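Visitor: Hi, I have a few minutes and a new model to look at. Could you walk me through it?

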Amino acid sequence: MNTAAIQALRPLLSTSRKIVLVPHKNPDGDAIGSCLGLYHYLRALGHQATVVAPNDFPQFLKWMPGAEAVLVYEKDPRAGKAAIADAELVFTLDFNALDRCGDLQVPLQKASATFIMIDHHQSPDNYAQVQYSDVQMSSTCEMVYNTIEALGGLDLLDAGAASCLYAGMLTDTGSFKFPGTTPRTMRVAADLMERGAPHSEIHRNIYDTNRPQRLQLLGRALSNLVILPEYRTAYITLSQEELDAHGFQKGDTEGFVNYGLSVDGVVLAAIFIENRDEKIVKISLRSQGDFSVNDMARKHFNGGGHINAAGGRSEESLKDTTERFERILATYKNELQAS
Ligand code: 5GP
Ligand code: MN
């Protein structure tokens, strides 16, 4: 790993500190897993650590040890602000621009703490005094493991901490199948298993705890699938009415976008999800091969991410957004056909 970052971290952690760990808004398995994995390690080292999440996270991640102690800023802004104002160190995990934290960015910008970024997304902003940024990494959880290893602290990882890190690696690698999964990723996962992470139970907790309504929502999403062979693209839409009709809960649409990519010949998949409360359409993009959805999300949808997985938003209606998407696709036609 980045040895300069680790050398900078060592003295910061040499005495007991007040530490806040922050995941991005709408935290996924890697964001919550990396925060909780590091949280357990820091507490075992004798620090006072608190995870402050911008908003709540899905039910299928609530089994993680420590999840009950996560302070959700949207529910309790006063406590969130106080923890951040009081912090000596703030770890920002699984994102690299403070605007990824929604309203939580305001107290973060005012904080006097030293900021430490651990992240694997492209084009990091320059807000952290200590920056461990590596776009080659399959997950932030793997980077947290690297950090703890470099600090000589692996013996402090108990089964609970190992489970959190394993869970984030599992979700961000698509169950260890995405191209970013390396032999090292598998070795780290194996070590976490040896430290007590129950891999089969973790998989079940994350993927096999569906409510029937969620599966019915998936059915609706799949019947809305549009395939555009000329652009080797497939996209799904879900309107607010469709979400409401299926008792939508946070996290229900996780993974839906991948079904588009499973269509033979498709190299670009998208999902457009209406969010009437926020007056936006949330967009997830996925690609296979060299086509960069990070570029597309940055250029057209006020977002970003990785080459093969990115997200963004639109402030137009669902219909206007998909029409614009189809016009944008025309400008990438050659690239998509060559992918
Ligand atoms: P998802 O589509 O699963 O929400 O996110 C895919 C990837 O894109 C994740 O790595 C996530 O952090 C990133 N991402 C999702 N939405 C946004 C966004 O609005 N802005 C930026 N910069 N990245 C995003
Ligand atoms: Mn991640």
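Guide: Happy to! Of the 339 residues of the protein, 53% count as buried. Keep in mind as we go that this is a predicted model.

Visitor: What does the radius of gyration come to, next to that of a compact globule?

Guide: The protein has 20 Å, and a compact globule with 339 residues would have a radius near 20 Å, so the two agree. Along the principal axes, the C-alpha trace spans about 60 × 45 × 40 Å.

Visitor: And how many helices and strands are there?

Guide: The secondary structure comes to 14 helices and twelve strands. As for contacts with a separation of 6 or more, 65% are made by residues 24 or more positions apart.

Visitor: Let's turn to the ligand. Which residues come nearest to ligand 1?

Guide: There are 13 residues around ligand 1, and those that come nearest are Arg 100, His 121, Lys 282, Ser 284 and Arg 286.

Visitor: What are the polar distances for Arg 100 and Ser 284?

Guide: For Arg 100, a polar side-chain atom lies 2.9 Å from an oxygen atom of ligand 1. The side chain of Ser 284 has an N or O atom 2.6 Å from an oxygen atom of the ligand. Backbone takes part as well: a polar backbone atom of Gly 304 is 3.1 Å from a nitrogen atom of ligand 1.

Visitor: How much of ligand 1 does the protein bury?

Guide: The protein buries 80% of the 500 Å² that ligand 1 exposes when taken alone.

Visitor: Which strands supply at least two residues of that shell?

Guide: Strand S10 (280-287), strand S11 (304-305) and strand S12 (309-314) each do. S12 gives the most, with four residues.

Visitor: And the make-up of the shell by class?

Guide: Around ligand 1 there are two nonpolar, eight polar and three charged residues.

Visitor: New topic: Thr 92. Is that residue buried or exposed?

Guide: Thr 92 is buried, with a relative accessible area of 0%. You'll find Thr 92 in strand S4 (residues 89-93).

Visitor: What does the side chain of Thr 92 make a polar contact with?

Guide: With the side chain of Tyr 127, at 2.7 Å. Beyond the neighbours within four places in sequence, the residues in contact with Thr 92 also include Val 22, Phe 115, Ile 116, Met 117 and Ile 118.

Visitor: Where is Leu 61?

Guide: Leu 61 sits in the loop between strand S2 (48-53) and strand S3 (71-72). Despite the loop setting, Leu 61 has a relative accessible area of 0% and is buried. Leaving out residues up to four places away in sequence, Leu 61 touches Pro 27, Asp 28, Gly 29 and Ala 67.

Visitor: Last one, backbone angles. What is phi of Asp 94?

Guide: Near 70°, a positive value in a residue other than glycine. Most residues other than glycine have a negative phi. Asp 94 lies in the loop between S4 and helix H4 (105-110), and at 1% relative accessibility Asp 94 counts as buried.

Visitor: And Arg 232, where is that one?

Guide: In the loop between strand S7 (226-228) and strand S8 (233-238). Arg 232 has a positive phi of about 50° without being a glycine. Its relative accessibility is 24%, so Arg 232 counts as partly exposed.

How values were computed. Residues are numbered from 1 along each chain as its sequence is written. Chains are lettered from A and ligands numbered from 1 in the order in which they are written. Side-chain values use heavy atoms; hydrogens and water are left out. A residue is near a molecule or strand if one of its heavy atoms lies within 4 Å of it. A polar contact is a pair of N or O atoms within 3.5 Å; within protein, one must be able to donate a hydrogen and the other to accept it, and residues adjacent in sequence count only if both atoms are side-chain atoms. Accessible areas come from the Shrake-Rupley method with a 1.4 Å probe; for residues, only the protein chains shown count as cover. Ala, Val, Leu, Ile, Met, Phe, Trp, Tyr, Cys and Pro count as nonpolar, Asp, Glu, Lys and Arg as charged, and the others, Gly among them, as polar. The radius of gyration is taken over C-alpha atoms; the globule rule is 2.2 Å times the number of residues to the power 0.38. Buried means under 20% relative accessible area, exposed over 50%, partly exposed in between (1.4 Å probe, protein chains only). Contact means heavy atoms within 4.5 Å.
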